[in-house]
Amino acid sequence: MQVKKIIIIGGSSGLGRQLAKIYAEQKHMVAVTGRREELLATLKNEYPLNIITSAFDVTTADNKRQVELLIQKLGGLNLLIYNAGYGDPSLELIPETEQLTTLTNVNGFVEIVSYAFNYFVQQSHGHIALTSSISALRGNSWTPAYSASKAFMSNYAEGLFIKARKLKKNIVITDIKPGFIGTKMAKGNKQFWVAPIHKAALQIIKAIDKKKRVVYITKRWWLVAQIMKWLPFSIYKRFA
């Protein structure tokens with residue numbers, strides 16, 4: 001088995017942490033980032049030989065420099081997973097919520113993913129995976145910035161995929177669209193088909209290994225996606 005060099009942006013808890021643990025158990029080298037240094041420390045203590053960590057906030061830090069340092073520590077990079085995300089409900093359109101969501105899901109995302117893409121262009125190969133959301137498919141009055149920012153991520157991913165093909169570079173782009181997963185990010189009391197976090201992480205890793213372009217997690221959310229895409233606005237607006 002080839003040992004991969006992986007960076008997971010947003011891996012101190014939840015889905016990102018679970019991905020890091022599975023990759024470490026598979027003996028890959030994983031660099032994990034997050035805001036909470038204490039959580040990163042416990043993760044590193046579990047897998048001291050396969051995990052390195054870096055505590056920084058994608059909304060305020062020098063993201064490109066941080067990623068550059070992690071690549072140096074890993075001795076290269078095969079896969080970057082952008083899993084950092086924010087999206088509290090904003091029914092009353094709370095300015096602070098809208099801004100923080102955009103800074104995390106758009107600004108920080110673009111800065112880090114564009115750096116990784118250009119790095120992979122230079123080495124002619126690589127893989128970028130990003131956690132968008134089933135919410136990326138339509139607008140939502142409960143979380144307007146969240147659904148819009150996730151749509152941005154998905155469209156950006158599609159653009160990078162096309163760009164890689166035009167550049168004739170072997171760069172894979174995987175857009176991960178989860179439904180509800182059993183993490184703290186899953187808020188609200190009308191959740192259904194909530195996936196156990198370990199099951200979701202295994203499906204994501206399998207999709208990355210297969211170099212999927214778009215994957216719904218869990219697989220049954222593909223059906224929801226088709227309904228959302230084709231549902232007339234006159235009906236959709238009643239519950240969105």
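I began with strand E5 (residues 125-131), where 6 of the 7 residues are buried. Buried means under 20% relative accessible area, exposed over 50%, partly exposed in between, with a 1.4 Å probe and protein chains only. I took strands as DSSP E runs of at least two residues and helices as H or I runs of at least four, numbered from the N terminus.

The model is predicted: local features need pLDDT of at least 70, side-chain atom pairs count only at pLDDT 80 or more, and totals for chains, interfaces and linings use all residues. Residues are numbered from 1 along each chain as its sequence is written, and side-chain values use heavy atoms, without hydrogens and water.

Next I looked up the partner of E5. Strand E4 (residues 79-82) pairs with E5 in the parallel sense over 4 bridges; pairing needs at least two DSSP bridges between two strands. Leu-80 stands opposite Ile-128 in E5.

Then I turned to strand E1 (residues 5-9). E1 is largely enclosed by the rest of the structure, because 4 of its 5 residues are buried. I found E1 paired with strand E2 (residues 29-34), parallel, over 5 bridges. Ile-9 has Thr-33 in E2 as its bridge partner.

Last, I checked helix H7 (residues 221-230), which holds Trp-222. Trp-222 counts as partly exposed because its relative accessibility is 48%.

I also placed Lys-210 in the loop between helix H6 (197-209) and strand E7 (214-217). Lys-210 counts as exposed because its relative accessibility is 54%.
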